[in-house]
Amino acid sequence: MNYSQFFQTALNRLHDERRYRVFADLERIAGRFPHATWHSPTGSRNVVIWCSNDYLGMGQHPKVVGAMVETATRVGTGAGGTRNIAGTHHPLVQLEAELADLHGKEASLLFTSGYVSNQTGISTLAKLIPNCLILSDALNHNSMIEGVRQAGCERQIFRHNDVAHLEELLIAAGPDRPKLIVCESLYSMDGDVAPLGKICDLAETYGAMTYVDEVHAVGMYGPRGGGIAERDGVMHRIDVLEGTLAKAFGCLGGYIAGRAEIIDAVRSYAPGFIFTTALPPAICSAATAAIRHLKTSNWERERHQDRAARTKAILTAAGLPVMSSDTHIVPLFVGDPEKCKRASDLLLEDHGIYIQPINYPTVAKGTERLRITPSPYHDDGLIDALAEALLQVWDRLSLPLHQKPLAAE
């Protein structure tokens, strides 16, 4: 039996479908972001990163780096095991208190990643609700889909951001059946935002719980960085808020926040929490420093929005096919998996610009794109250079441009 052939066949299938993923060997240098060193096959080169989820550059912030170094020097590196066995180290206790405060909730629970917090949080919550019906947005992240699947209870999918369809499903479920609405606040591939107020209205009218993923919004929206729910004034109406420490906060980890009994129940029943080693103290201290800073500093958020707006304006004026987005996400439509990958390669090899291609299954076939994420540190020169590089790549690959606006008389 040639077992290796099974795996090679699977890999060949990915190549044939233009879905095989290649990871660039990048080395970020603190204090120089978005510049990084690309360890290419022909040697090291300077490149500019245009697709990082370290949206605000907090991964290099002196307060965050300082907190990590100080804690690692003082208490060491690892957490020593699961919290059940090793206890909960104090920086983790402080971090969970900071997260609960950020979202105006009684408690929070930390996981090793945002993926695990969704996968474990959703499945555990739904299993603890007898005869639970999960109502899930059609464009929810894979981690949420896996959490819904692992719950093992009935699920129904409502059309993306379609509150009328959601209401139909809620009515059909009846008033006596427990229901859990699961959605994101900001969808990272299109950059669109959920109508959280209307979803909360429906949840309250038809007796449903709400679970909202804020991973692409925490730190970046709301007066203290509490996310879209804080910005829209509905944070107190949402039962469970889920977030990450790996994007705007520049660290690692995921979490849920909610009422004390909900969080305690997940803590007590979730295998993905109980049997996993806790995040190290240094990571927790760094994340706490990032959260505390962004609760009081609006410079990063304001500068970030300004950079995103300018990037959209410059690329649109150049005639490039910028997909509509009201948020910091700048998707550039390609519509072909092979050309999307080729565009990414040309940008990196010829122009020193790193943007990963987004192909199926991350997005639907035929909607392949480059996903651009400006940061507060992408200056005007970098934005202009990006537009020029993209125009050259578009021309080389014969990709269509939008009709350019007429020049002023």
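1. A search of the whole structure turns up three aromatic pairs. Rings of Phe, Tyr and Trp (its six-membered ring) pair if their centres lie within 6.5 Å, and planes under 30 degrees apart count as stacked, over 60 as edge-to-face and the rest as tilted. Bear in mind that this is a predicted model, where local features need pLDDT of at least 70, side-chain atom pairs count only at pLDDT 80 or more, and totals for chains, interfaces and linings use all residues. Residues are numbered from 1 along each chain as its sequence is written, and side-chain values use heavy atoms, with hydrogens and water left out.

2. One of the pairs is Phe-111 with Phe-273, edge-to-face at 6.1 Å centre to centre and 75° between the planes. Phe-111 sits in strand 4 (residues 107–111) and Phe-273 in helix 11 (residues 271–274), 162 residues apart. Helices (H or I, at least four residues) and strands (E, at least two) are DSSP runs, numbered from the N terminus. Both Phe-111 and Phe-273 are buried; buried means under 20% relative accessible area, exposed over 50%, partly exposed in between (1.4 Å probe, protein chains only).

3. Trp-299 and Tyr-377 also pair: their ring centres are 6.1 Å apart and their planes are at 55°, so this pair is tilted. Trp-299 belongs to helix 13 (residues 299–317), while Tyr-377 is in the loop between strand 14 (369–372) and helix 15 (380–396). Trp-299 is partly exposed at 45% relative accessibility, and Tyr-377 is partly exposed at 30%.

4. What about strand 9 (residues 240–244)? Five of its five residues are buried. Val-240, Glu-242 and Thr-244 are on one side, with Leu-241 and Gly-243 on the other. Strand 8 (residues 208–213) runs parallel to strand 9, joined by three bridges; two strands pair if DSSP finds at least two bridges between them. Strand 10 (residues 254–258) is antiparallel to strand 9, with five bridges, and Thr-244 has Gly-254 as its bridge partner there.

5. The largest nonpolar core has 53 residues, and Leu-110, Ile-181, Leu-196 and Leu-245 have the most contacts inside it. Such a core is a set of buried Ala, Val, Leu, Ile, Met, Phe, Trp, Tyr and Cys residues joined through side-chain atoms within 4.5 Å. Helix 12 gives the largest share, seven residues. Leaving aside neighbours within four places in sequence, Leu-110 is in contact (heavy atoms within 4.5 Å) with residues including Leu-245, Gly-254 and Phe-273.
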